Each structure stands twice: as structure tokens, then as C-alpha cells.
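Here are my notes on this one, in numbered points.

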Amino acid sequence: MSNLKEKLIKALPVEVVDTLKLCSQAAEEFGVRIYLVGGVVRDLLLGRDIFDVDITVEGDAVDFANYLANGGFGVRLLQVQNDLRTAKLSFGDKLEIDFASTRIESYPVKGHLPVVDSIGVSISDDVKRRDFTVNALVLSLNHSDFGELLDYVGGVDDLQNSLLRVLHEGSFVDDPSRIIRGLKFSARLEFSLEPETLRLQDEYLSRLSDFDISYSRLKSEIIQTFSLNIPKAFELFIQQKLYRFFVSDFELEINSSLLKRLIDCYKPQNIWLVYLGCFLVVGDCKFDLKKSEKKILQDLKMLFIKKPPFDNFSVYKFYENTSLESILIYYAMTKNKSALHYLDDLRDVKLFVSGEDLIAAGFKPSCEFKKILDLLLEEKLSGALLTKEDEIKFLKFQIKQLKK
Ligand code: ATP
Ligand code: MG
């Protein structure tokens, strides 16, 4: 196996490297072995930026964390989770590191959260619970072999061939969110599913109704994946029929690059829902949505029920109070130009005058108010009224007409 010590030192900020060395020395004194596992090792080998460094302790991470916190190293214990035996420590002002105990997990209820069977197992057993071989790579932080790469599952070969391979046959049945994780890594790392893994995924998706699925676990992965705004994720979602988590087979002709362009141009808050929403015009979301997310899907369904608009005023009224995300999906699906006309030219048109100005103009509050303000808006959208004075003049004229 190769030693990645130099690579690690180059890839991480100096204070992180110093902290890892400190942990290494403390682990030696305390008598446990510690490792980096998963995404961080994968990204180190791929030469990608590393954002978070978690440490896996071959033993009890809480005991080790307490040793570090009480050992005069200037380390503070921030959090402990006793059931999982994990701990968070802060090193100085800026750096926080999670410490996890090695563990074996099982899925008594398939598709739902795992239970922990055993804690403090060997690192080679710990990696068996991981999603893909490339995410099961281990890097030793121990004094005797600091930086040594340990590959128990063939992850290095798969990494070299840009392949995502599950660790066992039942992996997707245990945890279907791994299917969406596979999509995320396919899009982000430009990896592909290895043929047997793709077969297991196909088999899972073709028998979806036989399985129990915790959709809340899926949601977080869907958000992470589609928020990347990578068209390939959307294309694979269709090609590999991952939409079956939400809807049955159907025809959808949407250009993924168009979605990306729309998102880049109009910058909606919920990027992920622009992608997923394309499948939810007819389908059901299946996981809990926030109020604002629910509104997007309700708006979208409404847009498809209403008759498409033609003149400026009806375009304005058609899209008024409709969420940006739903307008973008509607445009991508129908190519109805009114959507972009609204966003580009009309949505920011606002009247200078208000109901109060109507009253000041001598008009008594009544149900005619809205009618008059709409007439005013219609005129304004035609480009005729530019200033507040123009609007007031128009108002007074309309009121006079009404009084006749
Ligand atoms: P990212 O760069 O997106 O953070 P990552 O591989 O670090 O990628 P995390 O979600 O941070 O992914 O998880 C850290 C590690 O935990 C993974 O590398 C993997 O080994 C393991 N893991 C995470 N989610 C699962 C899962 N659903 N099933 C099995 N192992 C998982
Ligand atoms: Mg990570």
C-alpha cells in the first residue's frame, strides 16, 4: 500500500496537519488506533479540495476524546453522543473535529435507520457498513504508519477506474438513499456505477413497491444532489429511472442544460426543487416539505390548470404571487414564452399609487377599488404610464367615468 503522508500535508492547512499529528501522538499514548475514513481519503486521492476531516477511533471515541480534552493539549470537548459513542472536539478557535467509534451496523427494518450492533470493532469491519468501495478507504493516522493507505474492499482500483461499487448485494435494500448518493457522486466526480451495482439498482427500482423506504433519508440526499446544479444528475435521474421513487414511468422532454441556464440566470432559492419539481407536476413528493416548498408545487400544479395568458396584463395576473421555481419549471416544460416575459419585463412593474391615493382622489372605499387599480395596472403594463402623476391623472379620469 502507498503512503499518502506528503499528499496529506500538502492538501490540508498547516493547523489541521498539526492537529492530526497531535491526535496521532495522543492516540499512541492512550493506546488506541485512529484513522481518516471515507470521503476525505477519496478526495485526497483524487486531488480534490477537502472540506471536513472526521477521525475514526478503533475503540471508544468518547474515552479518547475525554483523554484529549483533559490532557493539557488545549482541546475542548464540545459534544458527546453516548449511544453512538461519538464526540466533537474543538482545537483552538477555528477547528472542530468529529470523532466516531468504529462500529458494525445492521438494518432490522430495511430502508430505515440502522441499529448499532457493536462498537469499537476493527477498522476493517467498520468499513463494511459504508456505501461504496471508494468511500471505504482508510488512511492511518498512527505513529508507526502515519499516512498509510489501507484498502480492505478494492476501493483504490475502483477509484482509478472511476467506478462506484456497493459493498454487498443488499446494500440498496438496506438503505435506498445510497442510490441517490450514487447519483450525487456520479454527477460530482464523473464516476459511473459498476455493472453489477447498476444491475442491483435496476432490480431495486423495478421492485420498488416491495420495499419500505424512509423518504426523509432520501430528501437530504436529493437536496444535496440537485443543489449541485449539474445537468448530468438530472439526465441520470431520468436514464436510470430514479424518478420511480416519486412517479411511475412517463414521457418527459426537458433539456437539462436549459434547467441549468435558467437556474444560473434567475437564481431561485430552491435549486433542487426546480429539478425534482419536473417530476412532481403529476406525482407526489412523498417526503415532508417546508411550507415554502409546498407552495412551489401547488403553484406549479395551478399553472398547468390555468389557461395560458396572452397580453401583458393577463401574463402579469397569471404569474403574480407564483414562486420563481414553479415559473422556471413551467417554462422548461412548456416553452411558453410568457414565463420569461413575466420574469424579465413584468414582475418588477409596481404601481406608484395605492388604495390611499384612491381615497385622497375622492373615491370611497368599495369593491370597485380593485377594479380601478387593475385598470391602472393594465394601462401601466402597456407602457403608457411612467410617473406617479400619470397614474393619478389616469385614476381621476377613471373615477370621473364611473361617476357619470
Ligand atoms: P461528501 O464529499 O459529499 O461529504 P462523503 O463521502 O464524505 O462525501 P458523507 O455524507 O460526508 O460523504 O459521509 C462520510 C462517509 O460516511 C462516506 O464516505 C461513507 O463512507 C459513509 N456514509 C455516508 N452515508 C452513508 C450511507 N447512507 N450508507 C453507508 N455509508 C455512508
Ligand atoms: Mg463528507
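How close do the axes of helix 8 and helix 10 come, and at roughly what angle do they cross?

1. Ground rules before the answer. This is a predicted model, in which local features need pLDDT of at least 70 and side-chain atom pairs count only at pLDDT 80 or more, while totals for chains, interfaces and linings use all residues. Residues are numbered from 1 along each chain as its sequence is written, chains are lettered from A and ligands numbered from 1 in the order in which they are written, and side-chain values use heavy atoms, with hydrogens and water left out.

2. Now the answer: the axes of helix 8 and helix 10 (residues 215-227) come within 9 Å and cross at roughly 5°. That makes helix 8 roughly parallel to helix 10. Helices here are DSSP runs of H or I with at least four residues, strands are E runs of at least two, and both are numbered from the N terminus. Axes are lines fitted to C-alpha atoms, for helices over the stretch in contact, with angles running from 0 to 180 degrees between N-to-C directions. Under 35 degrees counts as roughly parallel, over 145 as roughly antiparallel, 65 to 115 as roughly perpendicular, and the rest as oblique.

3. Who makes that contact (heavy atoms within 4.5 Å)? From helix 8 come S177, I180, R181, L183 and K184, and from helix 10 come R217, L218, E221, I222, Q224 and T225. By class, the contact has four nonpolar, three polar and four charged residues. The nonpolar class is Ala, Val, Leu, Ile, Met, Phe, Trp, Tyr, Cys and Pro; Asp, Glu, Lys and Arg are charged; the others, Gly among them, are polar.

4. Next, helix 8 against helix 11 (residues 231-239): the axes are 8 Å apart and the packing angle is about 135°. The two helices are therefore oblique to each other. L183, S186 and A187 of helix 8 meet K232, A233, L236 and F237 of helix 11. The class count for this contact is five nonpolar, one polar and one charged.

5. Helix 3 (residues 39-46) also packs on helix 8, with axes that come within 14 Å and cross at roughly 20°. So helix 3 is roughly parallel to helix 8. The contact takes R42, D43 and L46 from helix 3 and F185, R188 and L189 from helix 8. It has three nonpolar, no polar and three charged residues.

6. Within helix 8, have a look at R178. Is R178 buried or exposed? It is buried, with a relative accessible area of 4%; buried means under 20%, exposed over 50% and partly exposed in between, with a 1.4 Å probe and protein chains only. Not counting residues up to four places away in sequence, R178 touches Y107, R129, D131, F132, H168, S171 and F172.

7. E190 sits in the loop between helix 8 (177-189) and strand 11 (192-193). With 63% relative accessibility, E190 counts as exposed. Beyond its neighbours within four places in sequence, E190 contacts S162 and F185.

8. On to the cores, meaning sets of buried Ala, Val, Leu, Ile, Met, Phe, Trp, Tyr and Cys residues joined through side-chain atoms within 4.5 Å. The largest has 76 residues, and F237, F245 and L276 touch the most other members. Helix 16 (residues 324-334) gives the largest share of this core, seven residues. Apart from it lies another core of 36 residues, among them C23, V32, I50 and V53. Among the residues F245 touches are P176, I179, I180 and K286.

9. In helix 17, the buried residues are S338, A339, L340, Y342, L343 and L346. They pack against helix 12, helix 15 (312-319), helix 16 and helix 19 (368-381).

10. Finally, two backbone spots to check. Most residues other than glycine have a negative phi. K241, in the loop between helix 11 and helix 12 (256-266), has a positive phi of about 60° and is partly exposed at 31%. K335 has a positive phi of about 60° too; K335 lies in the loop between helix 16 and helix 17 (338-346) and is partly exposed at 43%.

Note on methods:
Contact = heavy atoms within 4.5 Å.
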